[in-house]
Amino acid sequence: MVIELDSARDQALIRRIRAGERAALAELFERYAPIALGLARRVTGDAGLAEDVVQEAFLAVWERPATYRSDLGTVRTYLFSVVHHRAVDRVRRESAHRRRLEREATLDTAAPRGVEDEVADALDSRQQHEQIQAALGGIPEEQRRIIEMMYFRGMPQSKVADELGVPLGTVKSRARLAMRKLHEALGGGDRA
Amino acid sequence: MMRRNDEHERLEDLAIADALDALDDEDRRDLDALLAAHGPACADCASIRTRHFETAAALADSVVPVAPSPHATERLLAAAAATPQVTTMPAPSESRRPHGLWRTLAVAAAVVLLVGGGAIGYAVNGTGRSNPSTSALTDFVSQPNVRIAQFPATNGQRVNVLYRPGLRDGWIVGTGMAQPPGNHVYELWSLPAGTTRMQPAGTFQPDDHGAVRQRAKLAARITTLAVSVEPPGGSPQPTTPPIMVTKVKS
């Protein structure tokens, strides 16, 4: 119910943005910027770059509000998709990927951390946070690693296959299994 | 040829990689081709893609939230104040493409808008019959400066011609078209600027659903387009009065 109300509120914000209300953009930004920024920083590994990515993403929403269509998903999904896409673009363009991997290599020698270890206070999204953490914890490590490499490290499938030394088909099948399990664990699409 | 279910399984793999922003270029082309072939009305395609985008977006909830810098909101609002809004659906050719799902659907929606409804993803073989194919039409629509010449609809028959001013390549797209009598064909004519002699631009026939997706070869600078019914194979000059005529802005 909370999520439904949030979704309705987001839809209203988008309508106001379409009407040219900058206050609605500010409200949307303040609502989602912390997670968007966390996501961008996780992908780029660079705080400044992450700030730029999030600014660009929200400005794109302002500039082209008609791009969002409510029948295709929630505002939240749309926003995070845009942020993630831009973050991955930046990573691939600006070699931040390499810098982040180097930093990760250092961290890995101390204490390997999986996706599920990124515990945080999820502000007003605590319910979703706990849900996704549980969902991620419920899939096999080999599948979780694929999702980690693709989503959080911005690696294309072929590169994942190369790095893991497994056939591309294996990467695809593991990703499919993982995403199906995550979808089921998250309520089978009832999150909107 | 893959069956529909097999295609949806293939599409799911591609959609997952797309949702995770991990699609390789070749797979991107495969995904676009599959989506174009199924058309924007394919509920299974939409469901699969939406489902995986929702799941991918949920992964964002696993990150550590980060407080924006103190003036981040002001910075965004200042940028917004200097950025005029575009309130229409983004053109698929624009370099600042919307992301994944929305990008592809924007292309599909643009094509639907152009043809006035119906499935997309048809190319044409040498006979002039429309056959399911890849995304040739969507590729054309994705190019810059594509214009639409609309013939007035008659009895539910709609025909549009997509073209790029100054260039010869175009597409004939239509819906609700009746079959021409006998073995006859429809023929598109283009009138070059400064002349009075029509030039043949291609013959076409609707498929079993009345849809037309046919490449056209237009005169370089056209002022008028017309359609007539011609004998099999078409004619070098119209042999019957035009059934559709429209003026064109070159």
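A: What follows starts at the interface and then moves out into each chain.

The model is predicted, so local features need pLDDT of at least 70 and side-chain atom pairs count only at pLDDT 80 or more, while totals for chains, interfaces and linings use all residues. Residues are numbered from 1 along each chain as its sequence is written, with chains lettered from A and ligands numbered from 1 in the order in which they are written.

Start with the interface. Chain B puts 51 residues in contact with 64 residues of chain A. Contact means that two C-beta atoms, placed from the backbone, lie within 7 Å. On the chain B side, two or more residues each come from helix H1 (4-19), helix H3 (43-59), helix H4 (72-81) and helix H5 (100-115). H3(B) gives the most, with 10 residues. Elements here are DSSP runs, numbered from the N terminus: helices are H or I with at least four residues, strands are E with at least two. By class, this side of chain B has 31 nonpolar, 12 polar and eight charged residues. Nonpolar covers Ala, Val, Leu, Ile, Met, Phe, Trp, Tyr, Cys and Pro; charged covers Asp, Glu, Lys and Arg; the others, Gly among them, are polar.

Now zoom in on one helix pair across the interface. Two packed helices are described by the angle between their axes and the distance between the axes. Helix H2 (residues 22-44) of chain A packs on H4(B) at about 140°, with the axes 10 Å apart. That angle makes H2(A) oblique to H4(B). Axes are lines fitted to C-alpha atoms, for helices over the stretch in contact, and angles run from 0 to 180 degrees between N-to-C directions. Under 35 degrees counts as roughly parallel, over 145 as roughly antiparallel, 65 to 115 as roughly perpendicular, and the rest as oblique.

The tally is nine nonpolar, one polar and two charged residues.

Ala33(A) has a further partner. Pro68(B) sits in the loop between H3 and H4 of chain B. Leaving aside its neighbours within four places in sequence, Pro68(B) is in contact with Ala33(A) and Leu37(A). Pro68(B) has 19 other C-beta atoms within 10 Å, so it is partly exposed. A residue is buried at 20 or more such atoms within 10 Å of its own C-beta, exposed at 12 or fewer, and partly exposed in between, with C-beta atoms placed from the backbone.

Step back into chain A. Its secondary structure comes to nine helices and zero strands. Of its 192 residues, 48% are buried. Among its contacts with a separation of 6 or more, 66% involve residues 24 or more positions apart. Another helix pair lies within this chain. The axes of helix H7 (residues 141-152) and helix H9 (residues 168-185) of chain A come within 9 Å and cross at roughly 100°. H7(A) is therefore roughly perpendicular to H9(A). Residues in that contact include Ile146(A) and Met150(A) of H7(A), and Val171(A) and Leu177(A) of H9(A). They divide into seven nonpolar, one polar and three charged.

Chain B has six helices and 10 strands, and 45% of its 250 residues are buried. Take strand E4 (residues 158-163) of chain B: six of its six residues are buried. Arg158(B), Asn160(B) and Leu162(B) lie on one side, and Val159(B), Val161(B) and Tyr163(B) on the other. Strand E3 (residues 147-150) of chain B joins E4(B) through four antiparallel bridges; Ala149(B) has Val161(B) as its bridge partner. E4(B) also pairs antiparallel with strand E5 (residues 169-175) of chain B over six bridges. There, Arg158(B) stands opposite Thr175(B). Pairing requires at least two DSSP bridges between two strands. The hairpin of E4(B) and E5(B) has five residues between the strands, and Gly166(B) takes a positive phi near 85°.

Last, an open antiparallel sheet in chain B has four strands in the order E7-E6-E9-E10. Strand E7 (199-204) and strand E10 (244-247) of chain B each have a single partner strand, so one side of each is left without a neighbour in the sheet.
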